[in-house]
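Have the model open beside you as you read. This report takes you through its strands and its nonpolar cores.

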Amino acid sequence: MRSSLSSAHKTNKPKRRLLINVNTLMLLLLACISLCVLLSVHIHSQLHHDHDAVDAKNNNNGLRSKSLLSAKPNVNKNNNNENKGFSACLLVNDENPRLPEWLAYHYHTLPLRSLIVTVDPASRSSPKEILDRWKSFMDVTIWEEKDFLPEVDGHGMIEHGACETGANNTEKTDCLWRHRKRQRYFIKRCMADFKARNRTWTLLIDVDEYITFNRINENDDPGVPLDYAPEGIPTLSDWTKKEYKRVDSKTGELSPLVYVEGTITGLPEEPFRGKKNGDSIELGPLTTERDYFQGIHGVAYGNVVEDELGMNYFLQDTFAFRDAVPMASAPPGVPTLKYSYINGTSLFATIYNGTYFYGKKDGERVKIRTHWRESP
């Protein structure tokens, strides 16, 4: 009997130890879970507190403004972010009504941080008071003509001051060239100044123009204007648009007829409609299935138009083309001129590869009448 009881007693001891060990593990696990929950609540509370503190600080600094024009930029007066943000070269002429909005928009959007301004001599108002308001927020400099426009250049004396225009077309043309010369020297000097200060992106627009950021989609229209004609498409230079009207036989209404006249080059084969490369040609009517008054198919520099026969033509921006970076060789179908100079409205030069163009041999002198003149 004793032996039996003793045996039963020995076999029950391991079961008690097992039960005690399991209970201990459960208590430890519950303690760990409780500790993790407490730590999580504490961390979340601390983050929420820090976030509220940042919001309060931003509100105090004026970063959560409701209006673009009423916002007070968070800029230290002694630190104009000289090496950050965008720069701009601005030539103004009675632009005070537009200037405040232009400054506020580009300050917040770009952000604009440096600005050099010059005032056209013909301007009847000064932007100084408006620009002074922004000197605490960006680097603003006002230049006079003497700061960028020399007294003389390779073409002779440079006239300063306002240009008086009359009814004479020649006077109007002279004033236009004087404005372009002033603009060219200002932009050149302004960009050199920013480069010397190690500035990067520089804005060259007018006060009635704004920079916007557009999302590009795969289905967007091709980028225009183009710099060069697409492969296989002839080029029309020095072109003009002509518009006529015709009566629609079905509706009896007037519909537009659009033609383009200019000098054609880059023909895939000659002759083309009795014309050779370098000849003047009138093309049209352009197909009425496209809008030739606006959009990517408009009769404008850098666009490709199509006539009713399905032929495409590239409308070259001749003035920009002439001012482009010098090319290593002439485009196909275009003769080469050397040792050229301008006298009045005529261009004098030595021509090469121009037999079909002027009936001249290589190395012969030619005189070409133009409707343009050398840049001032």
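Predicted model: local features only at pLDDT ≥ 70, side-chain atom pairs only at ≥ 80, totals over all residues.

Residues are numbered from 1 along each chain as its sequence is written, and side-chain values use heavy atoms, with hydrogens and water left out.

Helices (H or I, at least four residues) and strands (E, at least two) are DSSP runs numbered from the N terminus, and two strands pair if DSSP finds at least two bridges between them.

Let's begin with an open sheet of four strands, ordered S3-S2-S1-S6 with parallel pairing. Its edge strands, S3 (139-143) and S6 (202-203), each pair on one side only. S1 and S2 are parallel and joined by seven bridges, with Ala88 opposite Leu115 in S2. Helix H2 (residues 99-109) packs on this sheet and touches S1, S2 and S6 (contact means heavy atoms within 4.5 Å). The direction of H2 makes about 155 degrees with that of S2 (axes are lines fitted to C-alpha atoms, for helices over the stretch in contact, and angles run from 0 to 180 degrees between N-to-C directions).

Another open sheet has three strands in the order S12-S13-S14, with antiparallel pairing. S12 (336-343) and S14 (364-369) have a single partner strand each, so one side of each is left without a neighbour in the sheet. Neighbouring strands here are turned by 25 degrees against each other on average, direction ignored.

| Pair | Sense | Bridges | Facing residues |
|---|---|---|---|
| S1 and S2 | parallel | seven | Ala88 and Leu115 |
| S13 and S14 | antiparallel | six | Ala349 and Val366 |
| S8 and S9 | antiparallel | four | Val260 and Leu283 |

Now for the cores. A nonpolar core is a set of buried Ala, Val, Leu, Ile, Met, Phe, Trp, Tyr and Cys residues joined through side-chain atoms within 4.5 Å. The largest has 20 residues, and Leu90, Trp102, Leu103 and Leu115 have the most contacts inside it. S1, H2, S2 and helix H3 (128-132) each give two or more residues to this core, and H2 gives the most, with five. A second, separate core of 14 residues includes Leu236, Leu286, Val299 and Tyr313.

Technical notes
Buried < 20%, exposed > 50% of the residue type's maximum accessible area, 1.4 Å probe, protein only.
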